[in-house]
Amino acid sequence: MASSKEMTSGAALPLIVKFTLPLLLGNILQQTYSLVDAAIVGKFLGINSLASVGASSSVIFLILGFCNGCCGGFAIPVAQKFGARDYSTMRSYVAVALKLTVVMSVVIALVTGLLCMDILRLMRTPESILQGAYRYLLVIFIGIPCTFFYNLLSSVIRALGDSKTPFWFLLFSTVLNILLDLFCILTLGWGVVGAAVATVFSQGLSAALCYIYMHRSFDILRSTPKERRYRPKLARTLLYIGVPMGLQFSITAIGSIMLQSANNALGTACVAAFTSAVRIKMFFICVLDSLGMAMATYCGQNYGAGKVDRIWTGVKASVLLFMCYSVFSFVVLMPGAKFLALLFVDKGETEILRDTVQFIHVACYFFPALGLLSVLRYAIQGVGYTNLAIFSGVSEMIARILVSVLAVPAFGFVAVCFGDPLAWIAADLYLIPAFFFLYRRLKRRMVESRVPAVAG
């Protein structure tokens, strides 16, 4: 039987490291697939096809980021009730979350599928890659329910302190995804549509298997008919926490869409460079994302248990971890960026190679800013204050919009390279005082009440 794990006692650093490692391996798998997918498309289908996939990446982040954010938010009350050892209410939250997911995922899939061509035209997608981008995006949007359910189930399992089980399902999904990629693109000749079909099918199958395994192997999640009933009060709590967390991702993505739109206007070569550079960047920052996700569960459990002091201890341990990783990634990326870029394009594409390397070099200087962003944002979300964290996304959006409107037309691709780093800094300028304000408030509340405070 699979087991859950409490993080409400013991040294924070080893607990966070142990919980983060499976998350990291999972994220590495996802980014490995993303790299392989882009490499297959770029090498076998050409630069235009690579640009078609990349031209829609910010839109995908906008929609799927909202879905994934909601899933993470739905898991926060689960983590808090688990930390408080209120297992009956915890199971009710899981049941209500599944019902909400059915409705939300279908509605989002229908709306985005109808609007995806209009979105691409608003982003000034070059005509040479418009149809390819549309077909890729449409298939991804149709498969939103698969993505939504997979991420919800994984988030629930992680909320119980088990980050290993989602990793194994992600490993299965990634291997299947790559094999289907090769089959759909090279054997069936489906082009960029084949890459999208492979992604949707592998996530759908993984979601189904994860659901079956979760209910057979996690005794703590076996619910009674009463616990499976729809409870409007719990639904409101889930939406109150989950929707702002999803909107925070979407608001961040709006800035990314503006930045990508400005980059699209620079031509197909810049779109291809942006696509390959973002794939490399995402691969290396998955450590920081994993650390942030670990902090959400760690802080949620400790908040539910009434151990606010452990939240600050966890933040300090996480800062040490991301600073060490930032130094490591800088040492690797400064000399290795060109080699990684060659995975996507031929050495004769000198302009694309140059721009890709420049993007990566600029980004790795600012990884500490992104690490701090991830730790503080997820810590705030983990204790249920997703409405407070959403303004960090607003800060990112404003920074990217200003770069897109003012800097890119004047300085070209070099301004695109600084879009993300400036957004990370802008978010940190908000998150640092917000976290300390919230931490002091929680400590004061705990002293006054002397009982665990559980959001929702």
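**View 1. Ser329 in helix α11 of the predicted model.** Ser329 lies in helix α11, residues 309-341; helices (H or I, at least four residues) are DSSP runs numbered from the N terminus. The model is predicted, so local features need pLDDT of at least 70 and side-chain atom pairs count only at pLDDT 80 or more, while totals for chains, interfaces and linings use all residues. Residues are numbered from 1 along each chain as its sequence is written, and side-chain values use heavy atoms, with hydrogens and water left out. Ser329 has a relative accessible area of 0% and is therefore buried, a term that means under 20% relative accessible area, with exposed over 50% and partly exposed in between (1.4 Å probe, protein chains only). Leaving aside neighbours within four places in sequence, Ser329 is in contact with Phe284 and Phe367, where contact means heavy atoms within 4.5 Å.

**View 2. The largest nonpolar core and Phe359.** A nonpolar core is a set of buried Ala, Val, Leu, Ile, Met, Phe, Trp, Tyr and Cys residues joined through side-chain atoms within 4.5 Å. The largest such core has 80 residues, of which Met295, Phe359 and Phe367 touch the most other members. Helix α10 (residues 268-304) supplies the largest share of this core, 19 residues. Not counting residues up to four places away in sequence, Phe359 touches Phe274, Ala277, Val278, Lys281, Phe413, Val416, Cys417 and Asp420. Another core, of 65 residues, lies apart from the largest one and has Ile60, Ala159, Phe218 and Leu234 among its members.

**View 3. Packing of helices α6 and α8.** Helix α6 (residues 144-159) packs against helix α8 (residues 192-217) at an angle of about 40°, with the axes 8 Å apart. Axes are lines fitted to C-alpha atoms, for helices over the stretch in contact, and angles run from 0 to 180 degrees between N-to-C directions. The crossing of α6 past α8 is left-handed, that is, the near helix is turned anticlockwise from the far one by less than a right angle. On the α6 side, the residues that meet α8 include Phe149, Tyr150 and Leu153; on the α8 side, Val200, Ala207 and Tyr211 are among those in contact with α6. By class, this contact has eleven nonpolar, four polar and no charged residues. Ala, Val, Leu, Ile, Met, Phe, Trp, Tyr, Cys and Pro count as nonpolar, Asp, Glu, Lys and Arg as charged, and the others, Gly among them, as polar.

**View 4. Leu98 in helix α4.** Leu98 is placed in helix α4, residues 87-122. With 14% relative accessibility, Leu98 counts as buried. Residues up to four places away in sequence aside, Leu98 touches Phe149, Leu152, Leu153 and Tyr211.

View 5. The 16 residues of helix α13 (residues 367-382) should span 22 Å at 1.5 Å a residue, and the end C-alpha atoms are 22 Å apart, which agrees; the expected span is 1.5 Å times one less than the number of residues. Helix α13 is mostly covered, with 14 of its 16 residues buried. Gly384 follows α13 and has a positive phi, near 95°. The C-alpha atoms of Gly384 and Tyr303 are separated by 9.1 Å, although these residues are 81 residues apart along the chain. Tyr303 is found in helix α10 and counts as buried at 2% relative accessibility.

**View 6. Phe391 in helix α14.** Phe391 belongs to helix α14, residues 386-411, and is partly exposed, with a relative accessible area of 46%. The C-alpha atoms of Phe391 and Ala427 are separated by 8.1 Å.

Methods:
Helices (H or I, at least four residues) and strands (E, at least two) are DSSP runs, numbered from the N terminus.
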